[in-house]
Amino acid sequence: MKLIYFVGLLLVIVSAFGIESAYGATSACGKSTPDNEAMKLAPCAVAAQDENAAVSDSCCQQVKKIGQNPSCLCAVLLSDTAKSSGIKPEIAITIPKRCNFANRPVGYKCGPYTLP
């Protein structure tokens with residue numbers, strides 16, 4: 001009986017490590033998911049839907065943090081959370097330029113879009 005408990009516990013531990021390793025390896029945002037990171041871009045909601053809207057300082061701060069990893073920023077802009085929030089990727093991708101970031105990844109391919 002003790003052997004069954006031990007094997008069960010071992011399977012739980014191995015599964016937990018396997019899931020963590022696979023999750024970390026497949027997420028463009030490291031240990032976080034693009035959907036979780038998208039929630040941090042709430043201050044950008046209007047600017048990501050209207051190219052003529054002003055981009056707030058809080059939006060620029062969040063985009064700068066996430067944009068340190070361009071593949072994460074891309075994954076966030078194309079995430080299910082962003083889509084369900086009404087974000088238009090073709091407009092959202094212009095936010096780093098609209099924030100006047102000197103070190104933005106100009107020309108970075110993000111799905112069918114390219115960072116200006």
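Biologist: Which residue does a disulfide join to Cys-29?
Modeller: This is a predicted model, where local features need pLDDT of at least 70, side-chain atom pairs count only at pLDDT 80 or more, and totals for chains, interfaces and linings use all residues. Residues are numbered from 1 along each chain as its sequence is written, and side-chain values use heavy atoms, with hydrogens and water left out. A disulfide is taken as a pair of cysteine sulfur atoms within 2.5 Å. At an S to S distance of 2.0 Å, the partner of Cys-29 is Cys-72.

Biologist: How many residues apart in sequence are the parts that this pair ties together?
Modeller: Helices (H or I, at least four residues) and strands (E, at least two) are DSSP runs, numbered from the N terminus. Cys-29 sits in the loop between α1 (2-26) and α2 (34-39), and Cys-72 belongs to helix α4 (residues 70-77), so the separation is 43 residues.

Biologist: Is Cys-72 buried or exposed?
Modeller: Buried means under 20% relative accessible area, exposed over 50%, and partly exposed in between (1.4 Å probe, protein chains only). Cys-72 has a relative accessible area of 5%, so Cys-72 is buried.

Biologist: Is the disulfide of Cys-60 and Cys-99 left-handed or right-handed?
Modeller: The sulfur atoms of Cys-60 and Cys-99 lie 2.0 Å apart. The torsion about their S-S bond is about -90 degrees, so the link is left-handed.

Biologist: Where in the chain is Cys-99?
Modeller: The pair links distant parts of the chain, 39 residues apart. Cys-60 is in helix α3 (residues 57-66), while Cys-99 is in the loop between α7 (95-98) and β1 (109-110).

Biologist: Which strand holds Cys-110, the partner of Cys-74?
Modeller: Cys-74 and Cys-110 form a disulfide with their sulfur atoms 2.2 Å apart. With 105 degrees about the S-S bond, this link is right-handed. Cys-74 lies in helix α4, so the pair ties together parts 36 residues apart in sequence, and the strand holding Cys-110 is β1.

Biologist: What is the relative accessible area of Cys-110?
Modeller: Cys-74 counts as buried at 11% relative accessibility. Cys-110 is also buried, and its relative accessible area is 2%.

Biologist: What is the pairing when the bonded cysteines of the protein are numbered in sequence order?
Modeller: By the sulfur distance rule, the count comes to 4 disulfides. In sequence order, the pairing of the bonded cysteines is 1-5, 2-3, 4-7, 6-8.
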